[in-house]
Amino acid sequence: MQNNFLDNSLKSLNLKTPPIFDKEEQAKYVKDWREQYVGQAVAVLRPVNTKEVSSILKFAHKNKIDVVPQGGNTSLCGAATPDQSGKSIIISLEKMNNVRAFNKEAQTITVDSGMILSKIHEIVEEQNLFFPLSLGAQGSCMIGGNLSTNAGGVNVLKYGNTRELCLGLEIVLPDGKIMNLLSELKKDNTGYDLKNLFIGAEGTLGIITAATLKLFQLPKMITTLFVDADKISNAIKLLNVFTSHFPDRIESFELMPKSFWNIAKNNIDNIVMPLEKTPEMGILIDISSFSENEIIPDKNGQIPMIDTIENVLETCLESALISDATICKNESQKKSIWSIREAGAESEKKELQKSKLIKCLKHDISLPVASIESFHKDAQKMITNFLPNLKTIYFGHLGDGNLHYNVFGNGSLPDGFDGKSLELTDKLYEIVNKYNGSFSAEHGVGQLKKKSLEKHKDSVAYSLMKTIKKELDPKCIMNPGKVLF
Ligand SMILES: Cc1cc2nc3c(=O)[nH]c(=O)nc-3n(C[C@H](O)[C@H](O)[C@H](O)COP(=O)(O)OP(=O)(O)OC[C@H]3O[C@@H](n4cnc5c(N)ncnc54)[C@H](O)[C@@H]3O)c2cc1C
């Protein structure tokens, strides 16, 4: 279709918000957060309701126009960036941000898919309720994007991934049909679980326009502590100690080793270090309290929960499981340390921008927790033998076995990896496979890991995924170049 004709056709859809055709205005929509992928688009459309999404998709389906759904555009694998052809339209959900229903008794909320995650937190916390999905990009990512990537974040250990937090969805299919699976029900065995097909589909099967989400009681208190476990084997033992002392109450168990701190110190202004020494194997832990008995100070002014945690830490220090620890005394200390953790991706991005010649290979992997130490040993051996002076920066959600295992290149080699970066990533994923892990834990596949999916996914499952995609989107208009085709 000629661009002029297409421009006019898009205008004639009469959307409440006009399409963006101007290239400068489009700039923020056509590149990814890491600025590793830059594409082009005919237009950015910003529907305000499900009916408008449906009419856009009907039009795109009829005229075989590629569509890239976009939420907050914070994908770390180029999943929401159009290709270079300049033939796609981007459908940004940013204008769809209403609360459709809020049922405090049932502890559910139904929102449009363009609602920013932190806005959901604000709305429900005003009513003493809690939506536990929490990640560094929460001020800009949107719930539709979170669902489409089945985002993880820092609270998975206790509450599960986004999939576990979703009761119902409204979806517009590639041909424009609206499928209403919005529901507050906890039980609904009426055939195939179609809702879950669209969660994690990265916009390749349709557009999520609304979701019903599960809410929880806001904990009465969260205690945040930071420890240095010195080595990975200790960190894993520590996870067991804490989960056995505080079953179902560990909200986060985040790994921040020395290599993480070195990058953070280089890139965060006025950083406040939590311990005297730079931690070798830092762990950031959040523990929730739901009972008044734990949080009301006793006659000596001591808070029973803090006493209990101090006793556990004392035992860990005595048995040399940790070498140092601190418990945050107030909200500002908590915020300070959490902001460092949440700036992990940002710090790496800045570090990379400083060393323009060097590339960094991002690996978002998950492993059975018990295999992490052996994986790390094998991976470091492989990386050291592969090329000299590569630097691994790893950190992540240790409680879920999810590591961001990123390898910075050697500045004196072409592209940092002598043209062998794909080979290195493949070798790393082979080690992940050896330990029954996954090469894609929480960020999704997008463009970055499309080839790895073909290579490492079970071949029967991969072929079934293709069959489903062809059946739902026979013209292959939905988010081309991502995940499968
Ligand atoms: C600083 C930072 C920290 C991060 N931390 C984490 C983390 O801890 N855990 C984690 O899991 N991720 C993390 N991410 C990655 C990212 O934030 C998540 O993947 C997030 O869920 C993406 O949401 P989004 O709205 O930005 O989606 P986008 O980036 O806009 O889109 C992501 C994918 O979803 C599709 N999509 C978006 N909206 C819809 C919709 N309504 N219907 C259908 N498809 C849609 C897009 O086509 C694309 O394939 C982080 C990113 C940054 C920048």
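These legends describe close-up views of a predicted model.

**View 1. The four domains of the protein chain.**
The protein chain is divided into domain 1, covering residues 3-93, domain 2, covering 99-217, domain 3, covering 221-344, and domain 4, covering 355-443. Two of these domains, domain 3 and domain 4, have centres that lie 26 Å apart when taken over C-alpha atoms.

**View 2. The shell of residues around the ligand.**
The ligand is surrounded by 37 residues, and the closest of them are G71, G136, G144, G145 and G203. Helix α5 supplies the largest share, five residues. By class, the shell around the ligand holds 15 nonpolar, 18 polar and four charged residues. Domain 1 (3-93) and domain 2 (99-217) each contribute at least three residues to the shell around the ligand.

**View 3. The contact between domain 3 and domain 4.**
On one side of this contact are 17 residues of domain 3, and on the other are twelve residues of domain 4. The side belonging to domain 3 draws at least two residues from each of α8, β12 (250-257) and α9 (258-267). Strand β12 gives the most to this side, with seven residues. The residues of domain 3 that touch domain 4 divide into twelve nonpolar, four polar and one charged.

**View 4. Helix α8 against helix α14.**
Helix α8 (residues 232-245) packs with α14 at an angle of about 160°, and the two axes are 9 Å apart. An angle over 145 degrees counts as roughly antiparallel, and α8 and α14 are therefore roughly antiparallel to each other. Their crossing is right-handed. From α8, the residues that make the contact are I232, S233 and I236, and from α14 they are I372, E373 and H376. This contact of α8 with α14 has three nonpolar, two polar and one charged residues.

**View 5. Helix α14 against helix α15.**
Helix α14 spans residues 372-386 and helix α15 spans residues 421-434. The axes of α14 and α15 come within 10 Å and cross at roughly 155°. Because of this angle, α14 and α15 are roughly antiparallel to each other. Helix α14 passes α15 in a right-handed crossing. Residues F375, D378, A379, M382 and F386 of α14 meet L424, K427, L428 and I431 of α15. In the contact of α14 with α15, seven residues are nonpolar, none is polar and two are charged.

**View 6. Helix α9 against helix α13.**
What angle do α9 and α13 make where they pack? The angle is about 70°, and their axes are 9 Å apart. Angles of 65 to 115 degrees count as roughly perpendicular, and α9 and α13 are therefore roughly perpendicular to each other. Helix α9 passes α13 in a left-handed crossing. On the α9 side, the contact involves F260, I263, A264, N266 and N267, which meet G344, S347, E348, K350 and E351 in α13. By class, the contact of α9 with α13 comprises three nonpolar, four polar and three charged residues.

Key
Residues numbered from 1 in each chain as written. Predicted model: local features only at pLDDT ≥ 70, side-chain atom pairs only at ≥ 80, totals over all residues. Near = placed C-beta within 6 Å. Helix = DSSP H or I, 4+ residues; strand = E, 2+ residues; numbered from the N terminus. Nonpolar A, V, L, I, M, F, W, Y, C, P; charged D, E, K, R; others polar. Domains from an automatic or database assignment. Axes fitted to C-alpha atoms, helices over the stretch in contact; angles between N-to-C directions. Parallel < 35°, antiparallel > 145°, perpendicular 65-115°, else oblique. Left-handed = near helix turned anticlockwise from the far one by under 90°. Contact = placed C-beta atoms within 7 Å.
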